[in-house]
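Please look over the structure below before reading the notes.

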Amino acid sequence: VVQEILQDNLNEDGTRAGDQKVAVLMNTGVRKGKTVEMNSSSGYLFGAVCKKGMHVVVMQSVSGKTTISSVYSPDRGQVLILFGVLYLLAVCLVGGRQGVRASAGLLFTGAVILYIWIPLICLGFSPIATAVLICAAATALTFWCIGGICTKTVAATAGTVAGVVIAGVMAAVFSKATGVSGWNVSDIEALLTIYQTNRVQVGELLFAGILISALGAQMDVAMSISSSMQEICRQNPEIGRRELVHAGMRIGRDMMGTDSNTLILAFVGTSVSQLVLNFAYDLPVLQVLNSNNIGICVMQGLSGSFGIILSVPATVQIAACLLRHSCVRPCGG
């Protein structure tokens, strides 16, 4: 907690330059309970404009009785948690019992990624292979929470996994054809340090990320198709497999356009800064198209969208096969 501003960096014209010198009461760490003098920079990435009573995160280097400290950022932890809780409450209030189940599935997915998938990668396991397993486990549990274990959830899970695998295959093909890989990312220098110490398979991280990022859209498509086909089957138990497949494809085609755009727009949105820089500097189109950042963005968007599009016939065929053997056993929900 900032106790006092010892030296401010505010200029007469309202701008800030240089560092603030502040006194901070440490609430955690080896200097807990002590007031430490430190600097807070006016940079955009690190530091904070400190005010008395403000909660901040401090970066410390301690060696014996010597401590080198600086303000890292404002303490945003409580705000982030608050927004997360508000989101879960909104899901539960709007979705009722289904919302509670969806929230449980979301929390499980997050926990699996943070506490199982990432540690496995750091232990040297293949990021792509573990990503496929994590996607399958997260999908199965989420669908089980929402609709229970039944025909439509089994079909939706299989369709989702098929779409995720297709997205990974398309990303690998794109990588081979263009030479864009996980070694071309902007933070490769820091990743190389981890590679040298933990033998993390850095080259696969980009593709594993594509599988994870495409998972949500894949689940949406697969469950919507499976649920719709189940309802068709319930309303007309005598429907033939061929007619059921045609109905499922008509449903899937209506979904492909919007859901394929979802991933492309999402990745474009994350690259807005790069696109603006390219436009502002009036770079040649040939240079822009062949830059690693743009190549990675295109690969992420298109490979994920390939997975969504091709998961439609896969889900339809799986659902038709399973539902024709269980039309009199509808799922709940």
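The buried residues of α2 pack against α1 (77–122), α3 (151–178) and α5 (202–235). Helices (H or I, at least four residues) and strands (E, at least two) are DSSP runs, numbered from the N terminus. This is a predicted model, in which local features need pLDDT of at least 70 and side-chain atom pairs count only at pLDDT 80 or more, while totals for chains, interfaces and linings use all residues. Residues are numbered from 1 along each chain as its sequence is written, and side-chain values use heavy atoms, with hydrogens and water left out.

**Helix α2**
- Helix α2 covers residues 127–147, and its 21 residues should span 30 Å at 1.5 Å a residue (1.5 Å times one less than the number of residues).
- The end C-alpha atoms of α2 are 29 Å apart, which agrees.
- Among the buried residues of α2 are Ile-134, Cys-135, Ala-138 and Phe-143; buried means under 20% relative accessible area, exposed over 50%, and partly exposed in between (1.4 Å probe, protein chains only).
- An α-helix has 3.6 residues a turn, so residues three or four places apart point the same way.
- Gly-148 follows α2 and has a positive phi, near 80°.

**Helix α1**
- Val-85 is found in helix α1.
- Val-85 is partly exposed, at a relative accessible area of 41%.

**Strand β5**
- Ser-73 belongs to strand β5 (residues 66–74).
- Ser-73 is buried, with a relative accessible area of 9%.
- Leaving aside neighbours within four places in sequence, Ser-73 is in contact with Gly-47, Ala-48, Val-56 and Val-57 (contact means heavy atoms within 4.5 Å).
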